[in-house]
Amino acid sequence: MWKPPEKIKYAPDPGTWPSAEQAAGSMLYSPVQVGPVTLAQRTWVPAMVPWRATNEGFVTDDVLDWYERFALGKPGAIVIEATGIRDIPSGPLMRIGDDRFLPGLKELADTVHRASEGQTKLLIQCIDFLAIRRRPDPAKFIERFLQVTDEIRAAIGAEDWPEEAVRDHLTGLPDEELDGVIDSRQLESLRMGYREFVYDTHLPHIRDLPQVLPDLFANAAVRAQEAGIDGVELHYAHAYTMASFLSRTNTRDDGYGGSREARVRLPLEVFAKVREAVGDDYPAGCRFLSDDCIDGGSDVDDAAFYAVEFARAGMDFLSLSRGGRFEDAKQPGVGQAAYPYTGRSGYECMPAYISDSFGPFGRNIEPASQIRQAVREAGFETPIVVTGGVHGFELAESILQKGQGDIVGAARQALADPDFFLKMQSGCGDQVRVCEYTNYCEGLDQKHKVVTCKLWDRIELDDGQAKLTDDGKRRKTAPAWTPPV
Ligand SMILES: Cc1cc2nc3c(=O)[nH]c(=O)nc-3n(C[C@H](O)[C@H](O)[C@H](O)COP(=O)(O)O)c2cc1C
Ligand code: SF4
């Protein structure tokens, strides 16, 4: 992963832990309204893909165990990992693009409600993404896939060469010379692997996204509702389709790109269709970026504009993330696919302990605060979920007290200790396993390996409850914790 050049090392500092009485009187443990439902507390476990679904996208026992473990910590809400809305093969990504996924999703909803004794609301993050291929072998790419254009011929003075001779010549050129010869899109495919962009409107299926996506998202939301999941989070963040519509890099010229108003059009049309399909009594909101954190991407002003539009449209919550874009991803090895969390924007999304002078904790608080203020000034009370580096009570409570957010998310801290919120609430904060933000978990995610936390995956392997990874080396969920009575 990319590291800030300053390379300052930070240790987590959770501050002082509250007593059970202090927690009871805090904002963090007070209820909050999310559209038609009430969260018992303002604590939220954001979406995290743990790579436990089948290759066909079905819920497995491991998926159930994973969410059950979070539910035992009784947060206000848990968001199920990014779940694909199309009925297409997507590897071991969870899917909701057909009714055959319903039984597994129903079991998942029941499991979370049972384990949390009805205290946790369960949402599901619905995602669409565009095609991305692995980085090709350069010689093979030039030989088979490169389009030999007139511009390429002109650049190397090969106007009347046979195509094969052009390809042979290009194969022999040093990498830096290819820069001036091959156009930027083909260079990107050569160096990073081919991927589709939302502005590739010459491709019919990309051109038609505005016609296709509203129904796909709406059908997924209806399935979530049928499965007994308590709400939907539309994935408008990171490197995926909807975030790419919102991004300033979206140059579509069909009314869905260019200006802010045009970029937000499809996300609003998708939401309108979702709302129409699920009705007003079902919580629906989105996760989007407070900042793309890339050159030429959307910034916090864009995000504030989007937030007001989403609130005006009637979203029940707005959850903010940042970065995580493909544009600045590290070059993958030949045969590997680019991963959107390897560049600076990836760092902003999941900042690790080696950081800059600001440090890895709370980098999204100020932007979220600005966005929330814009929403409030526009007259909307839509709750804002703030996530990023929260690992203690003091920071969580101060976000709420200062009006920087309405709900506090903790992803890696909840992974490090699924009982994080419950331990703080019951005056057992000193027993919290505090996340070290070394991103071991994120490294596993990158390789699509079963995600675990280094603080617990090698301990108590023989406690009689631990289910182990296939190599027998790691437990798949955190050891149990018994709250005081
Ligand atoms: C293993 C892992 C998987 C993640 N998967 C998702 C995901 O499916 N959807 C999403 O919006 N964010 C995902 N994230 C990002 C987190 O939700 C969160 O925004 C990020 O980790 C920063 O919050 P934190 O500092 O509390 O961890 C993932 C993070 C991790 C560590
Ligand atoms: S592996 Fe555990 S300690 Fe390390 S960053 Fe992930 S959750 Fe935190």
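Buried residues account for 49% of the 485 residues in the protein; a residue is buried if 20 or more other C-beta atoms, placed from the backbone, lie within 10 Å of its own. The model is predicted: local features need pLDDT of at least 70, side-chain atom pairs count only at pLDDT 80 or more, and totals for chains, interfaces and linings use all residues. Residues are numbered from 1 along each chain as its sequence is written, with chains lettered from A and ligands numbered from 1 in the order in which they are written.

**Overall dimensions**
- The radius of gyration, taken over C-alpha atoms, is 23 Å, which agrees with the value near 23 Å for a compact globule of 485 residues.
- The C-alpha trace spans about 85 × 50 × 50 Å along its principal axes.

**Nonpolar cores**
- A nonpolar core is a set of buried Ala, Val, Leu, Ile, Met, Phe, Trp, Tyr and Cys residues joined through C-beta atoms within 7 Å.
- The largest has 120 residues, and Cys 126, Phe 217, Leu 234, Phe 288, Ala 307 and Leu 318 have the most contacts inside it.
- Apart from it lies another core, of eight residues, including Ile 142 and Val 166.

**Shell around ligand 2**
- Ligand 2 is surrounded by 13 residues, each with its C-beta atom, placed from the backbone, within 6 Å of the ligand.
- The closest are Arg 412, Cys 435, Tyr 440, Cys 441 and Cys 453.
- Helix H18 (412–416) and helix H20 (440–446) each give two or more residues to this shell; helices are DSSP runs (H or I, at least four residues) numbered from the N terminus.
- H18 gives the most, with three residues.

How values were computed. The radius of gyration is taken over C-alpha atoms; the globule rule is 2.2 Å times the number of residues to the power 0.38. A residue is buried if 20 or more other C-beta atoms lie within 10 Å of its own, exposed if 12 or fewer, and partly exposed in between; C-beta atoms are placed from the backbone.
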